[in-house]
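Here is a short report on a ligand site and the residues around it. Start with the view below, then read on.

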Amino acid sequence: MNQSLITFDEQSKIFHLCNNEISYIIKVEEGGVLAHIYFGKKVGTYHDHKNYPRRDRGFSGNVPGQNERAYSKDTLPQEYSSHGSMDYRVPASMIRRENGANLTDLRYNSYEIISGKPPLEGLPSAYVLEEKEADTLVITLKDRFEDIYLDLSYTIYRDRNVIARSANIRNLTNGSLRLEKIASMQLDLTNSGRYQDVLSLPGAHVKERQVNREKIATGIKRFESRRGTSSHHMNSFIALLDAQANEFHGEVIGIHLVYSGNHCFEVECDQINQLRLVAGINDYNFSWGLQPKEHFQTPEVLLVYSDSGLNQMSQTFHHLLRERVARGKHQFAERPILVNNWEATYFDFTNQKIEAIVDEAADLGIEMFVLDDGWFGHRDQDNSSLGDWFEFAGKLEKGLKGVADYVHQKGLKFGLWFEPEMISIDSTLYHEHPDYLMQVPGREPSSSRDQHLLDMGRKEVRENIQQQMETILDVTEIDYIKWDMNRSLSDVYSTALASEQQGETAHRYMLGVYELMENLTQKYPDILWEGCSGGGGRFDAGLLYYMPQSWASDNTDAMERLKIQYGTSIAYPISAITAHVSAVPNHQTGRITSLQTRGDVAMSGVLGYELDLTMLSEEEKNEIAEQIKKYQELRPLIQYGNFVRLQSPFEGNITSWLFVSDDQSEALLFICRLLANAQPVFNEVRLKGLAEEFFYEDQTTGEVYSGTELMNIGIYYPDFYGDFQTKMIHFKKQGDK
Ligand code: DGJ
């Protein structure tokens, strides 16, 4: 029997969640206010000494019912706040009653400790395989005057620096409630001197997940998406860092929201320099009606604490997302090297053209062919046929089955592109069901890439799409599906909902998409599913629960990719990040880089090719065949090893990173120099995470180094010549083959 990771001391009213690495401490304060005491490095025993000082602060009112001028919700660090009883900081919840009031005063009611981790209803979440892996504390708060209950869940894993949190609100009153805001979590830190910086992953289409670190200043800063997806523009992840923290030193708290829709992280620095973080579904264009006896479950947030900088935080997330968020047959499988026809042909392909590409792919050793956009309805451009998931007979004279059979006969797997959430006006689906299109009655809906959204909150809409997709999947042997989504939400309105429910539409859309993904991924477990949203517009922890990998960006330029892949690695494992070698001049930037450079960068993720293989010279084909052999050998190390960021492309001319196998017997160093310069500085790099006592052999030169030499003395970077140069150095423990 394992000892529980959670204790409650009746006397001091303290909850302590603690494993070998971290502690999370909560106290039921006077009057039942739930106070936050601590989250950080393990504290063996907590003696209740850090009680929040009492001080009368002008204009910060007092806790109702307590009659104590020095006790205020406006300053007390709390676990979850509500609006209206003189806590003027950003609230975690706003609940409106039928009479228009929105004051809620949540106080401690009861608690329960559960072994393991219950799943969240209808939402993606981290899981356990065995109960002993984690314990869950559920603390129930209740409004002082009404039967509104809030269950706060905290799961602590036994062997991970991770706390998972979510909230569930229950309406046991006789009237209806309207949730105007309901965050997944709040974290109040009094030690704002400790966490002075915030790191986020903002970006744009073809420029996803850039790294942005800034000082936390007085006021409120929102890191959010209002686009209906987790978005290219602001990823659903942030980290709080101490001012000195870097990749290898210092304290960091990483916060991942396991959700793919509108999100918001609010970071507030208050009147006395205390920090409040509130994270969850964005309250922008959100409201949710809760009838008597109904409840609302928020998405989950994953909190990671690291006392050794960003790298350790990232590695904890990499393991967690890979091992306890991603699911299914391909979760730990080596991912196939594919060739995708998008940048090779765009919409302009025939059976013949595809067969020519497949012939080359087979000769080069490529393992899968993916037929991208344009195989369905009558789609020859991007302005038609979305929603018509039947094959474009006039285009593929041998049919989709003909393509699949040809690919399989050649010994490759076959993958297919879908964009299930969309509808084109020029489609049979729109002709038959114009009401499926999400729009506000009486108005012209905004179009983006000439396409519109389906109202995925409606069951009949999802059923229609599911049934169409199943018709294809049941008759064609398909090994992989790329699930794309090429616009943001707008005209957010559902004809299936009453007027007062329209604020529910965006979240219902997301719940509907999750349900469809769950149905299809469960029904076709052999298929490898890849997420995509115009590149990396929905690259988030929620999607990973259904699809173990995602297309990182439509930007395939190797130099731009350095930043995109580096930024993505802060929060996501390498096995989730797909990267392709494409043609030069690059279609997005016009830049010309060597095939080696393009290969080395794409090999730092899940490798694929996206160019017309029939246009290559013999020399290029030989080089690609070599890249493929090399990647096949290195694949387990790259996809499932520990990834260490060494030098950032956001900080200088050199980028480097490292893959180290779990048993430390193998390492792969990647180095890139952006621009050439005369009289270059002799840069050097010291490796990390190797075994001090091992001897490592450079697999190209045969030179041998001890682990201590590589980690303490380091090596010089190669003397590169020319711009955009890369090199990979593969070390193996001496004696290992
Ligand atoms: C956006 C994706 O990111 C591309 O790879 C491609 O699939 C296109 N959509 C097709 O429309």
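## D554

D554 sits in the loop between strand 29 (549–551) and helix 9 (558–571). Helices (H or I, at least four residues) and strands (E, at least two) are DSSP runs, numbered from the N terminus. This is a predicted model: local features need pLDDT of at least 70, side-chain atom pairs count only at pLDDT 80 or more, and totals for chains, interfaces and linings use all residues. Residues are numbered from 1 along each chain as its sequence is written, and side-chain values use heavy atoms, without hydrogens or water.

D554 is partly exposed, at 22% relative accessible area (buried is under 20%, exposed over 50%, partly exposed in between; 1.4 Å probe, protein chains only). Beyond its neighbours within four places in sequence, D554 contacts H205, V206, E208, E343, G534, G535 and Q588 (contact: heavy atoms within 4.5 Å).

## D484

D484 lies in the loop between strand 27 (480–483) and helix 7 (505–523). D484 counts as buried, at 6% relative accessibility. Leaving aside neighbours within four places in sequence, its contacts include W417, F418 and G534.

## The record

UniProt lists D484 and D554 under "active site", in an unreviewed entry. They span 71 residues in sequence, yet no two of their C-alpha atoms are more than 11.5 Å apart, so they gather at one spot. UniProt positions follow the numbering used here, feature names are shortened, and annotations may be inferred rather than shown by experiment.

## The ligand

A ligand oxygen is 2.4 Å from an N or O atom in the D554 side chain. Another entry on the list is D372: one of its polar side-chain atoms lies 2.6 Å from an oxygen atom of the ligand.

Methods:
A polar contact is a pair of N or O atoms within 3.5 Å; within protein, one must be able to donate a hydrogen and the other to accept it, and residues adjacent in sequence count only if both atoms are side-chain atoms.
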